[in-house]
Amino acid sequence: MEKTHSSINPGRGISDEVAKKRRALFAQYVEPYKNMIYKLCIDYTYHSCDVEENYNAVLANMYRYIETYDTSMSIHTWLHIVTKRHVYKIEEKRQKRENMKDRDNDIESYPTACLSDVEHEGGCNGITVDNYREYFGDEILDALDSLKPQLKRALIYQFVGYDLKEIAEFEYQNGALESRNINTVKSRLFLARKELQKLLTRDGKRRTTN
């Protein structure tokens, strides 16, 4: 039995004549090969959960550009090329979005001072905003306390496991941010770590000044 899929939205902004022509070409050159196109989408999609989304995007793209098909080329070849190129384009965009999310939430994307061991173990040990002082020595606490309040708060929030969006929300609710701007949070984290690097060694000891 042939697999059924969601229908194509022909889009807006085209004349009835163009839409009629596209529907006719689509029915002639694409509709008979939907199963083949779907299998190609399976082959070129990185994650199975994205196959259906990619498949529908490919069909929409084929409908939009069906008039560019050169009938001197094998229809199988054309469908294969169009499917492969479009799926790769979608996957590339999807990967870029995921990479952006990873960078937004990656604690290692900021200069690292002396607190990596505590950061790594914090989730397991139950470190929180209220009890973090129990996990650091006096020298580290003194360095933290020397930071500007907004820098210190952002750093502590991240130590205990909150992501950038959550930190921005907390600071906005507390009146420390005019808007929920994660770029401001990034800047504060960067400055906080830069200051700690000036004050502490990687072993958590105060740097000596000449």
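This is a predicted model: local features need pLDDT of at least 70, side-chain atom pairs count only at pLDDT 80 or more; totals for chains, interfaces and linings use all residues.
Trainee: OK. How many helices and strands does the protein chain have?
Mentor: There are 9 helices and 0 strands. Reading from the N terminus, the elements go α-α-α-α-α-α-α-α-α.

Trainee: And how much of the protein chain is buried?
Mentor: 37% of its 210 residues count as buried. As for contacts with a separation of 6 or more, 61% of them join residues 24 or more positions apart.

Trainee: Let's look at a helix pair. At what angle do α1 and α3 pack?
Mentor: About 120 degrees, and the axes are 8 Å apart. Helix α1 covers residues 16-29 and helix α3 covers residues 51-65.

Trainee: Is the crossing of α1 and α3 left-handed or right-handed?
Mentor: Right-handed.

Trainee: Which residues meet there, in α1 and in α3?
Mentor: On the α1 side you have Ala 19, Arg 22, Arg 23 and Phe 26. They meet Leu 59, Met 62, Tyr 63 and Arg 64 of α3. Sorted by type, the residues of this contact are 5 nonpolar, no polar and 3 charged.

Trainee: Is Ala 57 buried, partly exposed or exposed?
Mentor: Partly exposed, with a relative accessibility of 26%.

Trainee: Where do Glu 91 and Arg 94 lie?
Mentor: Both are in helix α4, residues 75-105, and they sit 3 residues apart, about one turn of the helix. In general, an α-helix has 3.6 residues a turn, so residues three or four places apart point the same way.

Trainee: And are Glu 91 and Arg 94 buried or exposed?
Mentor: Buried in both cases: Glu 91 has a relative accessible area of 2%, and Arg 94 is at 10%.

Trainee: Which residues are linked with Glu 91 and Arg 94 in a network of salt bridges?
Mentor: Asp 50 and Glu 53. Asp 50 lies in the loop between α2 (34-44) and α3, and at 11% relative accessibility Asp 50 counts as buried. Leaving aside neighbours within four places in sequence, Asp 50 is in contact with Thr 45, Glu 91 and Arg 94.

Trainee: What about further along the chain? What does Glu 169 form a salt bridge with?
Mentor: With Arg 180, the closest N and O atoms being 2.5 Å apart. Glu 169 is in helix α8 (residues 164-173) and Arg 180 is in the loop between α8 and α9 (182-199), so the pair ties together parts 11 residues apart in sequence. Glu 169 is partly exposed at 25% relative accessible area, and Arg 180 is partly exposed at 47%.

Trainee: Which residue does Arg 188 meet in a salt bridge?
Mentor: Glu 171, at 3.6 Å, N to O. Arg 188 belongs to helix α9 and Glu 171 to helix α8, so this pair ties together parts 17 residues apart in sequence. Arg 188 and Glu 171 are both buried.

Trainee: Last topic, α7. How many of its residues are buried?
Mentor: 8 of 11, so helix α7 (residues 149-159) is mostly covered. Among the buried ones are Leu 151, Lys 152, Gln 158 and Phe 159.

Trainee: And what follows α7?
Mentor: Gly 161, with a positive phi near 115 degrees.

Notes:
Residues are numbered from 1 along each chain as its sequence is written. Side-chain values use heavy atoms; hydrogens and water are left out. Axes are lines fitted to C-alpha atoms, for helices over the stretch in contact, and angles run from 0 to 180 degrees between N-to-C directions. Helices (H or I, at least four residues) and strands (E, at least two) are DSSP runs, numbered from the N terminus. A crossing is left-handed if the near helix is turned anticlockwise from the far one by less than a right angle, and right-handed if clockwise. Contact means heavy atoms within 4.5 Å. Ala, Val, Leu, Ile, Met, Phe, Trp, Tyr, Cys and Pro count as nonpolar, Asp, Glu, Lys and Arg as charged, and the others, Gly among them, as polar. Buried means under 20% relative accessible area, exposed over 50%, partly exposed in between (1.4 Å probe, protein chains only). A salt bridge is a side-chain nitrogen of Lys or Arg within 4 Å of a carboxyl oxygen of Asp or Glu.
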